[in-house]
Amino acid sequence: MFNYVIDDELMLKPLSPEHSRHIYQLVERSRERIRQWLPWVDGVTEQAHIVTYVKNAMKQGSENGGFTAGLWVHGELAGIIGYHEIDWQNRSVGIGYWLGEGYEGKGYMTSACRVFVDYALLEMELQRIEIRCATGNTSSRAIPERLGFVLEGVIRQAEKLPSGYVNHAVYGLLRSEWQLMS
C-alpha cells in the first residue's frame with residue numbers, strides 16, 4: 001500500500017523498518033498512559049522489540065493477512081492502526097489502534113478508522129468488522145460508537161493488563177450497515 005493522505009493534517013503510512021525509532025519514541029513518551037490499556041507495553045524495553053513488531057506486521061501484510069499503518073499528524077507519528085488477522089473464509093476482520101500522548105481527543109483516530117473501515121468493507125468486500133475495547137477505556141470506545149458500530153456484548157475478563165483483568169466491549173459493523181451510512 002502507498003501513503004494515504006486523509007486531510008491536510010493526517011496521513012497513513014504502511015509500517016516499515018525506518019519507522020521503528022519513531023514508534024519506540026512514541027511508546028516511551030506515552031508509556032504511562034497507554035500501558036493501562038495495552039498489555040504489550042511493559043514488554044517493550046528497547047527499540048529492537050519494535051523492529052521485531054514492524055517486521056511481523058510487514059510479513060502479515062505480505063501474506064495478505066492484515067495491514068498495519070502509522071498515523072502521522074503534520075509529519076509526526078501520532079499512533080498505530082491495523083487490521084488483526086483477516087478471516088478470509090468468513091470475510092471478517094478486527095481493527096486495533098492506539099494513540100500517543102497528546103494526540104487523543106482530536107478525532108485523528110476516528111478519521112483513520114473510517115479509512116480502514118471503508119477499505120475493508122468496500123474495497124476488500126469483507127462482511128464484518130469488529131473492534132474490542134476495555135469497557136473502562138471510554139476514549140477508545142467512542143471511536144466505534146461515533147462510526148455507527150453496534151455494541152454486541154461484553155466479554156468478561158477478556159484481557160490481562162498490568163492492573164488486572166478487564167472486560168471487553170465488543171463492537172461490530174456489517175457491510176450493509178456501512179453502505180447505508182455512506
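User: Where is confidence lowest, and where is it highest?

Analyst: pLDDT is the predictor's confidence in each residue, from 0 to 100. Where pLDDT is low, the predicted coordinates should not be read in detail. Here the chain mean is 95, and 98% of residues reach 70 or more. Helix α5 (residues 175-181) is lowest, at a mean of 89. Strand β6 (residues 128-134) is highest, at 98.

User: How do I read the strand order of the sheet?

Analyst: Strands of a sheet pair through backbone hydrogen bonds, either parallel or antiparallel. Strands are DSSP runs of E, at least two residues; helices are runs of H or I, at least four; both are numbered from the N terminus. Two strands pair if DSSP finds at least two bridges between them. This open sheet has eight strands, ordered β1-β2-β3-β4-β5-β6-β8-β7, with mixed pairing.

User: Why is one side of β1 and of β7 left without a neighbour in the sheet?

Analyst: β1 (4-5) and β7 (150-161) stand at the edges, each with a single partner strand, so one side of each has no neighbour in the sheet.

User: Which strand pairs with β7?

Analyst: β8 (residues 164-174), antiparallel, over eight bridges. The two form a hairpin with two residues between them. Leu161 has Gly164 in β8 as its bridge partner. Ser163 lies in the loop.

User: Is Ser163 buried or exposed?

Analyst: Buried means under 20% relative accessible area, exposed over 50%, partly exposed in between (1.4 Å probe, protein chains only). Ser163 is exposed, at 67%. Ser163 and Trp37 are 126 residues apart in sequence, yet 9.2 Å apart in space, C-alpha to C-alpha.

User: Where does helix α1 bend?

Analyst: A bend is the angle between axes fitted to the seven residues ending at a residue and the seven starting there. α1 bends by about 45° at Glu28.

User: What do the buried residues of α1 pack against?

Analyst: Contact means heavy atoms within 4.5 Å. The buried residues of α1 include Ile23, Tyr24 and Leu26. The buried residues of α1 pack against α2 (47-62), β4 (76-83) and β5 (92-99).

Technical notes:
Residues are numbered from 1 along each chain as its sequence is written. This is a predicted model: local features need pLDDT of at least 70, side-chain atom pairs count only at pLDDT 80 or more; totals for chains, interfaces and linings use all residues. Side-chain values use heavy atoms; hydrogens and water are left out.
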